[in-house]
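Here are my notes on the model, as promised. Have a look at the structure first, then go through the points in order.

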Amino acid sequence: MNVLVFLIPLAIALGLLALYGLFWSLKRNQYEDLEGAAYRILLDDDIEKK
Amino acid sequence: MGAAPDFSHFVRNDEDGRSRLDLAIDGITCAACLPDIETAMGRLPGVKLARLNLTSHRLALTYDPQQVEPARFTGALEAIGYRAYPFEQRQVEADEQARFNLLLKCLGVAVFASMNIMLLSISVWSGQSTSLPPETRDFFHFVSALIALPAAAYAGQPFFSSAWTAIRQRRLNMDVPITIGVTLALALSVYETQHHADHAYFDSAVMLLSFLLAGRVLDQAMRRRTRTAAGNLAALKGENALRRETKDGADDWALVPVAALAAGDRLLVRAGERVPADGVIVEGTSAVDESAITGETDPKPVRLGDHVYAGTVNGEGALTVDVTAAGHSALIDEAARLIEQAGAARSRYMQLSDRVSQFYAPAVHLTALITGFSWWLFFGATAHDALVIAISVLIITCPCALALAVPTVQAMASGAFFRSGLFLNDARGLEKLGEIDSVVFDKTGTLTLPQSGVANADDIPADLLALAGRLARSSHHPLALALARSLRAGAPLPDARETPGQGVCASYEGGEARLGSAAFCDAEFLPPENEASSIYIRAGEKVARLSIRQTLRPDAAKIIAHLRGAGLDLHILSGDRAEAVGPVAAKLGIADWRGGQKPADKIAFVEDLGARGKRVLMVGDGLNDAPALAAAHASLSPIDAVHLTQGQADAVFLGERLLPVAAALAIAKKARGLMTQNLTFAIVYNAIAVPVAMAGHASPLFAAAAMSGSSILVTLNALRLRGPGKSVNVLAKS
């Protein structure tokens, strides 16, 4: 059972990491335009600049 | 005169010398528009960043004001086929966004906590049948507490603050039992953990918060979406005004957005234009169409010193107007006073969920109290055990399904409204719309289109009609303006010349085309039809007379017949003369109609119906309807309605058709049915679960299963609401 001392903090740490991800993406307005983001990946505008 | 529009009111200047401008874009149909617009903007000099939001149809621009004039943006967009309007984010919208973000964060925290605590709880539950050492169990409970307490403190904010507000106002809402349930569950669990007990309810408390927050996030997402769309519409409607500006000692007229006007500004209102703000005439005479305000369709003559009101349409003469204090005309004051009186009855309306919580919360708390005392006094339980059972009753009855029952349906219904071209102003309106049994319509602008149209369009060849529209584009005559608007005319003919007061002529297919009076077109003069104005067109040998008058919304007769078929009581109340109202009522087959109604008469009529036990829906658009809208049980108004009137309506509908009125009633009725089903289900669930808890058998596992089961069922039931249903869909197709 000693392994729990190691595994439980690990589980919580992973959860916190995901939570941090959510807060980060909210702060950066990542949910502003869910439809546009789906199409932006198909645009070649970054290639033209080269 | 009137060069490029001045956007300075909407431009925000950053400290680093860059400017920002937000534009609402009309005409975005597909994802391909995104690269189109962004590249077109990127080609303009000085544009640092152009980013189109495909969800909200808004374009954010950052540019160098030294290198590019903002007016070039709209010009460039127009060249590739999009109309753009400067856009000012309103405070409500920012608030909705902030609230959505807070709810999403709370949901994230609650779900994180639920998952981690459930991981530990399931180990404890399964360990009870095997051999989990008590030290490990206590350790798991301790870790759960460590996660649950801060998580609940954070994720519970929306409920705690709402419950606190309610209690301070001596009311009870659903958030009060939620707050009490969560707090007690946590407190009990902490106590039990300290005393090495078998059970702790950390998972129940946090899972409850997760489910409730999921419901609120859904609700808020829908609300934000409608708010955004409404904001865009406001920007798209945003008109410009010609304001006198003194530059280098010389006076000039500059095109500025109406939002930028202030009292004391001097405006020029050209023939046929909408009056942009309330004001006093300082130069010119004309006749003003005040139908948007009074419902009266005959133009009212005005001259020097007369007041003109925002939303009215100027007739044939140009007017110079001094803006009086914005939004403070005698007319609007009077309407606002009547609205305040009429609205008092409306604020007494109690929402379904509040009505339920009114008896639910005390009943639950009383049950828990009685259970605890009974166990303690009559069944010989220790004070501790009695308390545990009492609190488990509270946890089981914590209104998870009850609190989800209404918001889930509301979220689905506002989605269905949105798809049917309706915007819900107020969530309470949904419930009230579902109770309607009589409908009162205004005539002008509600049953009829807000602008006059060609009444005999079917008798005129299509090419001649299109030509008439294009010719009309070159004229400032009010009749021609109405004609061009109603025909959605194409580009004006290149060499069109207007002879003031007579008509427009242009060369067309080798000959000449004329639009105007009978004499001007060399046509035989025919006596005008009832209530209509005539305008003649000649193209070569072809001559036709267009009869211009107020036309009914294209599907008015069908929708009225449908509503009557649905068993609703229909009435027309109009501020217009009886001679103008009668024919419309006859055509639609509405027996009960009244003309010449003043706002106070309208209120009296609506209140009289209400006093006779009728639930009245008022549909109206004019300023004169606003008080009646406030007095009615529920209200709708078209998007062209006067601002003040729209504010009173529970929902606003788009487009030329009357179909959304039928859709609104159908959706609201279905929504109300589903809400009642959900609330009934939630209460039945409690009727089953509470005895189990009172008997002392509500283990944390039972609580978790019951809570998630009922929440999911209620949500699935709400998902059944997709649209207005078959009978309205059939109308929409035909």
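1. Let's start with the size of the interface. Chain A and chain B bury about 2,000 Å² between them, with 71% of that on carbon and sulfur atoms. Keep in mind as you read that this is a predicted model.

2. As for who takes part, chain A puts 19 residues into the contact and chain B puts in 26 residues. There are four residue pairs in polar contact between chain A and chain B, counting pairs with both residues at pLDDT 80 or more.

3. On the side of chain A that touches chain B, the elements giving two or more residues are helix 1 (3-27) and helix 2 (34-40) of chain A. Helix 1 of chain A gives the most, with ten residues. Sorted by class, that side of chain A has 13 nonpolar, two polar and four charged residues.

4. Which residue forms a salt bridge with A:Arg40? That would be B:Glu38, and the closest N and O atoms of the two are 3.0 Å apart. The rule finds one salt bridge across the interface of chain A and chain B.

5. Now for some strand pairing within chain B. Strand 9 (residues 279-283) of chain B runs antiparallel to strand 12 (residues 307-308) of chain B, and two bridges join them. Strand 9 of chain B is also antiparallel to strand 14 (residues 319-323) of chain B, this time through four bridges.

Note on methods: Residues are numbered from 1 along each chain as its sequence is written. Chains are lettered from A and ligands numbered from 1 in the order in which they are written. This is a predicted model: local features need pLDDT of at least 70, side-chain atom pairs count only at pLDDT 80 or more; totals for chains, interfaces and linings use all residues. Side-chain values use heavy atoms; hydrogens and water are left out. Contact means heavy atoms within 4.5 Å. Buried area is the accessible area (1.4 Å probe) that two parts lose on being put together, summed over both. A salt bridge is a side-chain nitrogen of Lys or Arg within 4 Å of a carboxyl oxygen of Asp or Glu. A polar contact is a pair of N or O atoms within 3.5 Å; within protein, one must be able to donate a hydrogen and the other to accept it, and residues adjacent in sequence count only if both atoms are side-chain atoms. Ala, Val, Leu, Ile, Met, Phe, Trp, Tyr, Cys and Pro count as nonpolar, Asp, Glu, Lys and Arg as charged, and the others, Gly among them, as polar. Two strands pair if DSSP finds at least two bridges between them.
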